Amino acid sequence: MSCELMVVCAVQLGENLCLYFADDDELECDAFSKEKTLHRFLRNVNSQVLVVQPDLNLAAFEDVTDQEMKSGSGMNFYMHCYKTTTPSAGMPVAFSVQVEDKSYYMCCEEEHGKMIVRFREGEVPKDIPGESNIIFFKKTFTSYSSKAFKFEYSLERGMFLAFEEEDSLRKLILKKLPREDEVDETTKITLTSHNERHNL
């Protein structure tokens with residue numbers, strides 16, 4: 001068994017909080033590699049299920065029946081879990097959803113000076129070499145609530161998936177929280193499997 005001495009320089013944070021390690025004269029960005037994929041429904045604090053309608057450019061939490069959940073179009077999410085060298089930020093995940101025979105992935109884009117959540121047709125990559133607008137960090141909602149989570153956008157610290165009421169809909173949005181430890185019920189998301197039809 002051999003032991004190799006490695007000189008480590010100070011860690012640096014670049015733009016958008018991308019983690020860099022100094023190695024000789026080069027800086028290397030953190031990368032993500034897909035580890036596993038889970039099949040889940042995403043529910044808000046009201047136990048409503050997230051439903052995506054890409055043709056309307058709409059993702060909103062809705063009341064759905066068990067029968068509608070069985071058909072599952074636009075609500076059966078795949079949560080893709082990635083490995084990373086910075087686990088302290090939370091587990092990196094990406095989301096995709098099947099609508100009819102097409103797959104759509106969740107991403108964040110800037111529109112009119114505001115960050116919004118979009119669903120684009122395509123597959124989630126197995127490996128992501130650097131920063132990405134599809135990665136969210138999964139964190140427990142509170143220390144005493146281990147089955148509920150919040151998802152922080154990887155490219156903007158303090159920006160979380162949430163919902164807001166608009167025209168009787170509870171639309172999926174990105175919401176800036178002044179403090180990470182702030183308890184905001186609109187950012188609370190519960191993940192349920194197909195065997196767990198109702199919220200835990």
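Colleague: Which residues is Phe151 in contact with, once its neighbours within four places in sequence are left aside?

Modeller: Contact means heavy atoms within 4.5 Å, and Phe151, with those sequence neighbours left aside, is in contact with Met79, Val93, Phe95, Phe136, Phe137, Lys138, Met159, Phe160, Leu161, Ile189 and Leu191. This is a predicted model, in which local features need pLDDT of at least 70 and side-chain atom pairs count only at pLDDT 80 or more, while totals for chains, interfaces and linings use all residues. Residues are numbered from 1 along each chain as its sequence is written, and side-chain values use heavy atoms, with hydrogens and water left out.

Colleague: What makes a set of residues a nonpolar core, and which residues have the most contacts inside the largest one?

Modeller: The set must consist of buried Ala, Val, Leu, Ile, Met, Phe, Trp, Tyr and Cys residues joined through side-chain atoms within 4.5 Å. The largest such core has 30 residues, and those with the most contacts inside it are Phe95, Phe119, Phe136, Phe151 and Leu161. Strand β8 (residues 91-99; a strand is a DSSP run of E of at least two residues) gives this core its largest share, four residues. A second, separate core has nine residues, among them Phe32, Ala94, Val124 and Phe137.

Colleague: Why is Ser96 called buried?

Modeller: Ser96, in strand β8, has a relative accessible area of 4%, and buried means under 20% with a 1.4 Å probe and protein chains only, so Ser96 is buried.

Colleague: How do you know that the side chains of Ser96 and His80 make a polar contact?

Modeller: Their separation is 2.7 Å, which is set against a limit of 3.5 Å for a pair of N or O atoms, where one must be able to donate a hydrogen and the other to accept it, and where residues adjacent in sequence count only if both atoms are side-chain atoms.

Colleague: What makes up the lining of the second largest pocket, by residue class?

Modeller: A pocket is an open set of points on a 1 Å grid over the protein atoms alone, where a 1.4 Å probe fits, with protein on both sides within 12 Å along at least five of seven lines; lining residues have an atom within 4 Å of a point. Here 18 residues qualify, with Asn57, Val117, Arg118, Lys171 and Leu172 nearest the centre. The lining divides into 11 nonpolar, one polar and six charged residues, and β10 gives the most, with six.

Key
Nonpolar A, V, L, I, M, F, W, Y, C, P; charged D, E, K, R; others polar. Buried < 20%, exposed > 50% of the residue type's maximum accessible area, 1.4 Å probe, protein only.
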